[in-house]
Amino acid sequence: MARIVMKFGGTSMAGTERIRRVASIVRAQAAPKPDGTRDSVAVVVSAMAGETDRLVNFCREANPLYDPAEYDVVVASGEQVTSGLLALTLQSLGCKARSWLGWQLPIQTIEAHAKARIDKIDAPGLIAAMEAGEIAVIPGFQGVSEDDRVTTLGRGGSDTSAVAVAAAIRADRCDIYTDVDGVYTTDPRIVAKAKKQKAVTYEEMLELASVGAKVLQTRSVGLAMKEGVRVQVLSSFIGEGAPPADDLPGTMIVSDAEMDELVENGLMERQLVTGIAHDKNEAKIILTRVPDRPGAVANIFEPLAAASINVDMIIQNVGRDKGETDVTFTVPQSDLARAQALLEDRRDAIGFNRIITDSKIAKISVVGVGMKSHAGVASTMFRSLSDRGINIQAISTSEIKVSVMIDEDETELAVRVLHTAYGLDAKD
Ligand code: ADP
Ligand code: ASP
Ligand code: MG
């Protein structure tokens with residue numbers, strides 16, 4: 001008897017009609033196999049598409065400086081609704097099913113409200129119910145804090161709930177059902193010629209997710225890698241009567257060793273670049289005429305770190321005359337106002353002249369493990385963008401990634417140009 005976790009995202013759960021389709025996919029997975037065995041199944045669900053945004057807006061309207069603990073009470077409700085509705089729909093199809101809310105399992109979390117981390121999940125009760133043939137329906141995104149308050153895991157967090165449940169019950173597979181049929185070389189909604197990948201390594205998926213490929217939440221990939229959870233990304237928009245996903249129709253996230261095996265067996269080609277991602281959610285801050293002396297940048301970034309604001313790209317220009325320099329960096333757009341206020345408060349201590357901000361920027365990243373051993377990936381990127389007149393405002397690199405900051409209006413063009421430049425376009 002295999003244990004399977006199935007996760008359905010917001011578009012898959014958008015309305016009773018879609019939930020009925022989801023219920024039939026779950027029923028097919030839980031049905032007896034030709035050899036008489038059957039899987040035990042846990043389902044993790046998102047709120048209906050658009051619902052979490054709607055709830056977040058209510059919080060903003062109620063109190064712009066909302067208390068994150070009360071925000072969590074509000075936004076966690078979207079998943080409570082869909083978990084109950086899916087359990088009801090499964091029951092209407094003749095399946096045994098019940099919902100398990102975050103506090104009932106419990107899914108114990110630590111750290112800040114609105115971006116809590118899962119610490120542990122109490123699985124024995126869940127496993128017993130599943131083995132007895134009941135389908136467990138778990139709302140994603142939510143947990144409970146050490147002092148028994150409702151928490152949420154940050155946007156896109158249901159992916160992480162699913163992987164954490166899979167790790168806790170030692171599932172044979174964690175299927176992430178969404179509105180595309182796998183992980184592509186880039187967002188298929190931007191590049192029609194993007195190619196679906198049979199497999200992607202954990203390391204590459206982690207990097208792709210962290211630079212904006214929102215198909216999986218970054219934390220879910222990190223957790224899957226650490227716990228060795230087998231993750232498949234696949235579509236819930238499939239025909240009535242489709243077989244269960246045991247023959248792996250989607251994209252598998254695999255270890256380096258499994259990837260080597262796929263390449264040796266001719267099932268995958270070794271690629272220099274695995275994918276291209278974009279992120280429009282960052283904003284640029286420039287501080288002008290910062291003193292060029294030890295401690296100056298520490299004075300800038302310490303208060304941001306203390307306020308849990310993540311800084312991404314950083315450029316410090318070469319010092320000018322009079323021992324001054326400009327410092328440019330990016331923060332999440334949602335933290336821009338807070339970051340600006342913190343820096344203004346410390347204007348004298350830091351000693352800058354002006355603060356200039358710009359949220360109309362985008363980060364475009366090229367990811368691939370092949371870069372570890374091949375030169376030239378970055379220069380191809382710079383040349384292809386310049387051939388189209390796209391100006392690069394900042395650059396950052398890691399062992400398997402090159403990112404550039406450009407004007408937001410040029411995002412789609414840049415992604416398409418790079419997709420072609422690295423030979424990733426599907427042949428028609
Ligand atoms: P869900 O609501 O199911 O969690 P998301 O909207 O969070 O779904 O993620 C799925 C979306 O991710 C797709 O609709 C697609 O536009 C986007 N996406 C971005 N990059 C990629 C990629 N490389 N491969 C597949 N999808 C991608
Ligand atoms: N509903 C939450 C969100 O929209 C969590 C999720 O769907 O993964 O961010
Ligand atoms: Mg998602």
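Where is the place of Tyr184, and between which strands does that loop lie? I began my notes on this predicted model with that question, and I found Tyr184 in the loop between strand S9, residues 173–178, and strand S10, residues 199–201.

**Tyr184.** I next looked up what surrounds this residue, and, once I had left aside its neighbours within four places in sequence, I listed Ala194, Lys195, Lys196 and Gln197 as the residues in contact with Tyr184. I also noted that the side chain of Tyr184 makes a polar contact, at 2.6 Å, with the side chain of Asp181.

**The annotation.** I then turned to the UniProt record, an unreviewed entry, and saw that its "binding site" annotation covers Tyr184 and Val215, with Lys7, Phe8, Gly9, Gly10, Thr178, Asp179, Arg189 and Lys214 also included.

**Val215.** I located Val215 in the loop between helix H7 (202–210) and helix H8 (218–227). Is Val215 buried or exposed, or does it count as something in between? I wrote down partly exposed, because its relative accessibility is 23%, which falls between the cut-offs of 20% and 50%.

**Thr89.** My last entry concerns Thr89, which I found in helix H4, residues 77–92. I recorded Thr89 as buried, because its relative accessible area is 11% and the cut-off for buried is under 20%. With residues up to four places away in sequence not counted, Thr89 touches Ile19, Arg20 and Ala23.

How values were computed: Residues are numbered from 1 along each chain as its sequence is written. Chains are lettered from A and ligands numbered from 1 in the order in which they are written. This is a predicted model: local features need pLDDT of at least 70, side-chain atom pairs count only at pLDDT 80 or more; totals for chains, interfaces and linings use all residues. Side-chain values use heavy atoms; hydrogens and water are left out. UniProt positions are given in the numbering used here, feature names are shortened, and annotations may be inferred rather than shown by experiment. Helices (H or I, at least four residues) and strands (E, at least two) are DSSP runs, numbered from the N terminus. Contact means heavy atoms within 4.5 Å. A polar contact is a pair of N or O atoms within 3.5 Å; within protein, one must be able to donate a hydrogen and the other to accept it, and residues adjacent in sequence count only if both atoms are side-chain atoms. Buried means under 20% relative accessible area, exposed over 50%, partly exposed in between (1.4 Å probe, protein chains only).
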